[in-house]
Amino acid sequence: MLPMKRLLAGLLLVCFVATPACVLPNASSVEKRLTIGLALGSGGAGGLAHIGMLQVFDELNIKPDRIVGTSIGAVIGGLYAAGLDAAVIRDIFEQFGGSELDVLTKLMEPTSALDLGDLVDLDISNGALFDSNGFLKFLLKKISARTFKELAIPLEVISTDYWTGKTVVLDSGDLFTAIQASMAVPGLFTPVVQNDRLLIDGGTSNPLPFDQLTGKFDIIIAIDVSGSRDPASRDQVGWSDLLFNTFEIMQQSIIAEKRQQKQPHIYIKPDIRNIRLLHFNRIDEILEQAKPAASELKERLAARLKEAS
């Protein structure tokens with residue numbers, strides 16, 4: 001019997017000489033899968049629109065190769081990175097009625113009449129109205145991942161160092177501590193102490209962190225949920241609107257400056273109107289408003305993927 005090496009050599013010779021069509025594929029003939037980096041921005045309850053954008057990925061049966069999220073983008077991005085699909089994430093937020101966040105929703109109503117019994121998580125001594133631990137414990141029950149290493153999709157969470165004002169990128173260690181830091185809206189949620197840093201909401205320094213993905217992925221997608229203000233309601237501006245919408249204006253200015261320097265490949269801004277920072281109980285309305293943006297994302301992303309195929 002011929003040695004194995006001589007037998008294989010003979011078979012290859014027959015293949016190339018007798019049948020020219022029998023050619024082994026080279027690297028250039030193998031289809032390259034485009035890599036996708038997804039940035040989910042800050043925007044309070046309006047950021048529930050992110051769920052509609054993630055539904056597009058589910059419908060196209062693809063996943064981003066990395067997610068970078070700020071504030072609500074970190075919350076929803078973390079759930080998706082942990083392996084939950086968009087439908088399940090929607091179900092989670094629909095459960096917020098009657099949960100720890102219900103008191104926050106009532107606080108934002110124009111005729112709010114909270115009493116001390118409602119403010120069970122009052123945390124003024126630590127520089128905020130509320131302690132977000134109740135919310136995070138609610139999320140802990142929904143996923144098994146506790147650290148970044150346990151996530152199905154790599155994730156970066158954006159926060160801000162209060163003392164230096166610089167952006168802090170969290171991508172290792174405890175997942176929920178990072179999310180807590182990223183969503184620590186100044187004056188509303190308790191900041192997070194980490195070593196010599198005091199971490200607050202990432203939206204104060206990088207509300208739409210697509211720059212973290214620049215040069216690393218074939219397609220960079222940025223979802224801007226910083227919202228908009230309706231001039232028709234100018235006679236109804238209350239103290240909470242002025243406070244949180246001013247924060248929104250600041251974020252929009254940062255995003256505009258960043259986009260002048262570098263554009264993501266796909267930029268999507270859902271037109272979310274008349275939604276306050278903590279209106280998580282209006283998820284159906286938010287996702288309905290986000291449908292045109294989701295359709296735009298699906299069309300543009302599908303077109304780019306088709307071009308590469």
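Predicted model: local features only at pLDDT ≥ 70, side-chain atom pairs only at ≥ 80, totals over all residues.
Angles between axes under 35 degrees count as roughly parallel, over 145 as roughly antiparallel, 65 to 115 as roughly perpendicular and the rest as oblique.

Residues are numbered from 1 along each chain as its sequence is written, and side-chain values use heavy atoms, with hydrogens and water left out.

Let us begin with the whole protein. It has nine helices and ten strands; these are DSSP runs numbered from the N terminus, with helices being H or I over at least four residues and strands being E over at least two. Of its 309 residues, 46% count as buried, where buried means under 20% relative accessible area, exposed over 50% and partly exposed in between (1.4 Å probe, protein chains only). The protein exposes about 15,700 Å², and carbon and sulfur atoms supply 55% of that area; accessible areas come from the Shrake-Rupley method with a 1.4 Å probe, and for residues only the protein chains shown count as cover. Contact means heavy atoms within 4.5 Å. Among contacts between residues at least 6 apart in sequence, 74% join residues at least 24 apart.

Now to the helix pair. Two packed helices are described by the angle between their axes and the distance between the axes. Helix α2 (residues 49-60) packs with helix α4 (residues 86-94) at an angle of about 155°, and their axes are 8 Å apart. Axes here are lines fitted to C-alpha atoms, for helices over the stretch in contact, and angles run from 0 to 180 degrees between N-to-C directions. On the opening scale, α2 and α4 are therefore roughly antiparallel to each other. On the α2 side, I51, L54, Q55 and D58 make the contact, and α4 brings A86, A87, I89, R90 and F93. Sorted by class, this contact of α2 with α4 has six nonpolar, one polar and two charged residues; Ala, Val, Leu, Ile, Met, Phe, Trp, Tyr, Cys and Pro count as nonpolar, Asp, Glu, Lys and Arg as charged, and the others, Gly among them, as polar.

Helix α3 (residues 72-81) is mostly covered, with ten of its ten residues buried; among them are I72, V75, I76, L79 and Y80. Just after α3, G83 takes a positive phi of about 110°.

L140 and L79 are 61 residues apart in sequence and 9.8 Å apart in space, C-alpha to C-alpha. L140 is found in helix α6 (residues 133-140), and is partly exposed because its relative accessible area is 27%. Not counting residues up to four places away in sequence, L140 touches R146 and F176.

The strands come next, and two of them pair if DSSP finds at least two bridges between them. Strand β9 (residues 219-223) has five of its five residues buried, so β9 is largely enclosed by the rest of the structure. I219, I221 and I223 are buried on one side of β9, and I220 and A222 on the other. Strand β1 (residues 36-40) pairs with β9 in the parallel sense over five bridges, and G37 stands opposite I220.

Strand β8 (residues 197-201) is joined by three bridges to β4 (residues 155-161), and the two run antiparallel. Here T160 stands opposite I200. β8 also pairs with β7 (residues 192-194) in the antiparallel sense over three bridges, with V193 opposite L198. The hairpin of β7 and β8 has two residues between the strands, and N195 takes a positive phi near 55° there.

Finally, N274 sits in the loop between β10 (266-268) and α9. The phi of N274 is near 60°, again positive in a residue other than glycine, and N274 counts as partly exposed because its relative accessibility is 45%. P292 lies in helix α9 (residues 283-308) and counts as exposed because its relative accessibility is 57%.
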